[in-house]
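Student: I am new to this one. Could you walk me through it, please?
Tutor: Gladly! Let us look at it together and take a few questions in turn.

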Amino acid sequence: MKNTTALKNWLTKFGNETPFLIAGPCSAETEEQVLKTAHQLKNTKAKVLRAGIWKPRTRPGNFEGVGALGLSWLQKAKQETGLLTATEVANPVHVDLALKHDVDILWIGARTTVSPFVVQEIAESLKGTDKTILIKNPVNPDLALWLGAVERFYKQDIENLGVIHRGFSSYGASKYRNIPEWQIPIDLQQQFPDLPLILDPSHISGDRKLIFELCQTALDLNYDGFMIETHPEPKKAWSDAAQQITPARLQEITEALTVRKKVSESKDFLEDLATLRLKIDRLDTTLIQALIKRMQVADEIGVLKRKQNVSLLQAERWAEILDKMIKAGNGNGLSEEFILRIFKAIHQESLEHQHKKIQE
Ligand code: PEP
Ligand code: MN
């Protein structure tokens, strides 16, 4: 793999401010709406106007975008306001049209990143480009698929790359439209430390009320920027109405965010941090030891069940454990969602241990 040290350089082309801000409607709807958004965004920190021209909808029958016509509206908005432009491309024809309309940032949507064939085709159609290409995470929580897409673009000598974290789909209820799974972008960042990381709080939340808190979390995790869906009249948007905000609200949010220093040289700070990190390390050791012991007990249960020819899964017992743990953790700072995820993982591992013993 290539040395990616210089990658964050492309951010300078967009002003190099933290956070780097892309904003604009989910979809370009009319020329008037695109121009109005762009002019209102002049009063915000946004450097780039986004708008979906071709909309990938999960189910047919929803608004599927205005098509190439909208690209000339983006071009006009750029001429009138000086904002740079961004849109989603999902095939080489889109790429060709976007390049002809001088779009500055082309992004790969979450439903495209899942397909290595399509990603390869798009990457080849952009070979050697000096445009900025942003790759959204795939819909499903699969780090390798996301990394693979990044690698396909590098291999076509495309240097101005970045990634957008837009959350992952999950089955079942959640407060988010797409759960953040922060660990996945953090893992990606470890493999490509110089790849700019941008948060899309709009598609993670599906709800404009959650945008601020998601942005603050991302800043605390050293994200480089945001892509936020912004519309002059969010409630009337033709797509994703519940998650869009007005340019005025965007300005309020960015002003209220705290950008923290990445490091501090203060001696007291470093000492306090070292003490707390030691505590965390000890607790992590305690946690792993408790898990090891728990699995040893699961092994014993497996042996017992084999002797009695009893089935592996005891649904009532599992419901009882979950209920007890949710009660214990809830109210003490642990969210129900977190407890469920931890205990589902523990239960899964425990069943695997018992299963091995039952088969012996
Ligand atoms: C979008 O940005 O409007 C969009 C369709 O996003 P995603 O690919 O993340 O669903
Ligand atoms: Mn959208």
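Tutor: A residue is near a molecule if one of its heavy atoms lies within 4 Å of it. Please keep in mind that this is a predicted model.

Student: Which residues are around ligand 1?
Tutor: We apply that cut-off of 4 Å to heavy atoms. The residues it gives around ligand 1 are C26, R50, K55, E88, W107, G109, A110, R111, K136, R166, H203 and E229.

Student: How many charged residues does the shell around ligand 1 have?
Tutor: Asp, Glu, Lys and Arg count as charged. Sorted by class, the shell has 3 nonpolar and 2 polar residues, and its charged residues number 7.

Student: What is the distance from an oxygen atom of ligand 1 to an N or O atom in the side chain of R111?
Tutor: A polar contact is a pair of N or O atoms within 3.5 Å. For K55, a polar side-chain atom is 2.8 Å from a ligand 1 oxygen, and for the side chain of R50 the value is 2.8 Å. For R111, the distance from a side-chain N or O atom to an oxygen of ligand 1 is 2.8 Å.

Student: How much of the accessible area of ligand 1 does the protein cover?
Tutor: On its own, ligand 1 has 300 Å² of accessible area.

Student: Is H347 buried or exposed?
Tutor: H347 belongs to helix α13, residues 336–359, and touches L313 and W318, leaving aside residues up to four places away in sequence. Buried means under 20% relative accessible area. H347 has 16%, so H347 is buried.

How values were computed
Residues are numbered from 1 along each chain as its sequence is written. Chains are lettered from A and ligands numbered from 1 in the order in which they are written. This is a predicted model: local features need pLDDT of at least 70, side-chain atom pairs count only at pLDDT 80 or more; totals for chains, interfaces and linings use all residues. Side-chain values use heavy atoms; hydrogens and water are left out. A polar contact is a pair of N or O atoms within 3.5 Å; within protein, one must be able to donate a hydrogen and the other to accept it, and residues adjacent in sequence count only if both atoms are side-chain atoms. Accessible areas come from the Shrake-Rupley method with a 1.4 Å probe; for residues, only the protein chains shown count as cover. Helices (H or I, at least four residues) and strands (E, at least two) are DSSP runs, numbered from the N terminus. Buried means under 20% relative accessible area, exposed over 50%, partly exposed in between (1.4 Å probe, protein chains only). Contact means heavy atoms within 4.5 Å.
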